[in-house]
Amino acid sequence: MLYDHLLSILLLAPFLASLVLLFLPNGARRTLRAVALLSAVPPLIIAFVLLALYDYGQGGFQFAESYPVVPALGIEYNLAVDGISIPLVILSAFIYLTAITTTWYLKKREKEFFLFLALLVTGVFGVFVSL
């Protein structure tokens, strides 16, 4: 089910956008902005879905995802959110969207700006949802 992978989608949206931005030409200003803006919408929607579906009566970590990466070494990919990290994810998603829209008229090095902003947000989301 899609709800089982919400946190992975939250992390992958800005990361995949950074990969797309990496290969776009510098002169494609409208495309750069569109990709950046489209990468900010899914995390914001997912953040509010997490807020709506979180069971505050139960508390603790919810929406957990765990996948073995290197089982022989005990390395796993673990994600989950709790009552503290959900507001932080919402705030980060809102700031990401705001950062893109307020720098809409950036004239110099916009490709680099949007690319590194997407990578930064990926790391911030990773901090808030990783176990």
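Helices (H or I, at least four residues) and strands (E, at least two) are DSSP runs, numbered from the N terminus. The model is predicted: local features need pLDDT of at least 70, side-chain atom pairs count only at pLDDT 80 or more, and totals for chains, interfaces and linings use all residues. Residues are numbered from 1 along each chain as its sequence is written, and side-chain values use heavy atoms, with hydrogens and water left out.

The 20 residues of α4 should span 28 Å at 1.5 Å a residue, and this agrees with its end C-alpha atoms, which are 28 Å apart. The expected span is 1.5 Å times one less than the number of residues.

Ser39 lies in helix α2. Ser39 is buried, because its relative accessible area is 5%. Leaving aside residues up to four places away in sequence, Ser39 touches Ala13, Pro14, Ala17 and Tyr96.

Phe15 belongs to helix α1. With a relative accessible area of 34%, Phe15 is partly exposed, a class that lies between buried and exposed (over 50%).

Notes:
Buried < 20%, exposed > 50% of the residue type's maximum accessible area, 1.4 Å probe, protein only. Contact = heavy atoms within 4.5 Å.
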